[in-house]
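Visitor: I should like to learn how to read a structural model. Please take me through the features in turn.

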Amino acid sequence: MSDPKDREPFIEVPGDLPGIRGLFAFKPETGAALSEFAQTLLRGSSPLSPGERETIAAFVSSRNKTYFCTQSHAATAAVLVEGGRDAIDTVIDDVESASIDPKLRALLRIADKVRQSGLDVTQEDVENARAAGAKDEDIHDAVLVAAAFCMFNRYVDGLATIAPRERATYEQIGRLLATAGYVAAGAAQAPGAAEGDQ
């Protein structure tokens, strides 16, 4: 696997926007649909908080080695969870020793298996999550976030999108996504949007 900072983007995107933001601007019709999906997935009705769902997104992206998505969603989760970025980095570094709710740990274990193959998830994994307090909708939503982020990660890496290295860039993206959500953020990155809005 090549290091993302050593890769040149495979296609030209408007304004050299990074990561999935550039792909949404490149093809606005699919960008709008995917932004709506991300809004529903990560901010819509769910027993899992937006912070928990963003944590799953960051965790799966880190395991898939997708730098842009890991950093974007870790920064977003950091705004939404107690403990901020340190708490999220601990989960990414070692979910087993992280100081998190046992239910979230069990759901992250399932998410990691989904990332490898949906067929890797076992009845025992589901029962362990239930024993930790997860209900069917918690399990459903964790699996859907994990599966969706495998798609998002492969979309971003499959086109070798721009992945800035500066943490401040991701902190800005994280604040925007945490406060405005995905549809508003998508509108702000459309071609012709004001530079300060991107």
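**Reading the fold, a helix and a pocket**

Guide: The protein holds nine helices and zero strands. Helices (H or I, at least four residues) and strands (E, at least two) are DSSP runs, numbered from the N terminus. This is a predicted model, in which local features need pLDDT of at least 70, side-chain atom pairs count only at pLDDT 80 or more, and totals for chains, interfaces and linings use all residues. Residues are numbered from 1 along each chain as its sequence is written, and side-chain values use heavy atoms, with hydrogens and water left out.

Visitor: What is the mean pLDDT of the protein?

Guide: pLDDT is the predictor's confidence in each residue, from 0 to 100. Its mean here is 91, and 90% of the residues reach 70 or more. Over residues 189-198, however, pLDDT stays under 50.

Visitor: What share of the residues counts as buried?

Guide: Buried means under 20% relative accessible area, exposed over 50%, and partly exposed in between (1.4 Å probe, protein chains only). Of the 198 residues, 47% are buried. Helix α4 is mostly covered, with eleven of its 14 residues buried; among them are F68, C69, Q71 and H73.

Visitor: How many Å should helix α4 span?

Guide: The expected span of a helix is 1.5 Å times one less than its number of residues. For α4 (residues 67-80) this gives 20 Å, and the end C-alpha atoms are 20 Å apart, so the two agree.

Visitor: Where does E166 lie?

Guide: E166 is in the loop between α8 (136-158) and α9 (167-188). Its relative accessible area is 47%, so E166 is partly exposed. Although E166 and Q71 are 95 residues apart in sequence, their C-alpha atoms are 9.8 Å apart in space.

Visitor: How much space lies in the largest pocket?

Guide: Rolling a probe the size of a water molecule over the atoms shows where empty space is left. On a 1 Å grid over the protein atoms alone, a pocket is an open set of points where a 1.4 Å probe fits, with protein on both sides within 12 Å along at least five of seven lines; lining residues have an atom within 4 Å of a point. Grid points are joined across faces, edges and corners, and a volume is the space filled by probe spheres set on the points. The largest pocket holds about 220 Å³. Thirteen residues line this pocket, and those closest to its centre are E82, A87, S99, I100 and L104.

Visitor: Which element gives the most to the lining?

Guide: Helix α5 does, with four residues.

Technical notes
Contact = heavy atoms within 4.5 Å.
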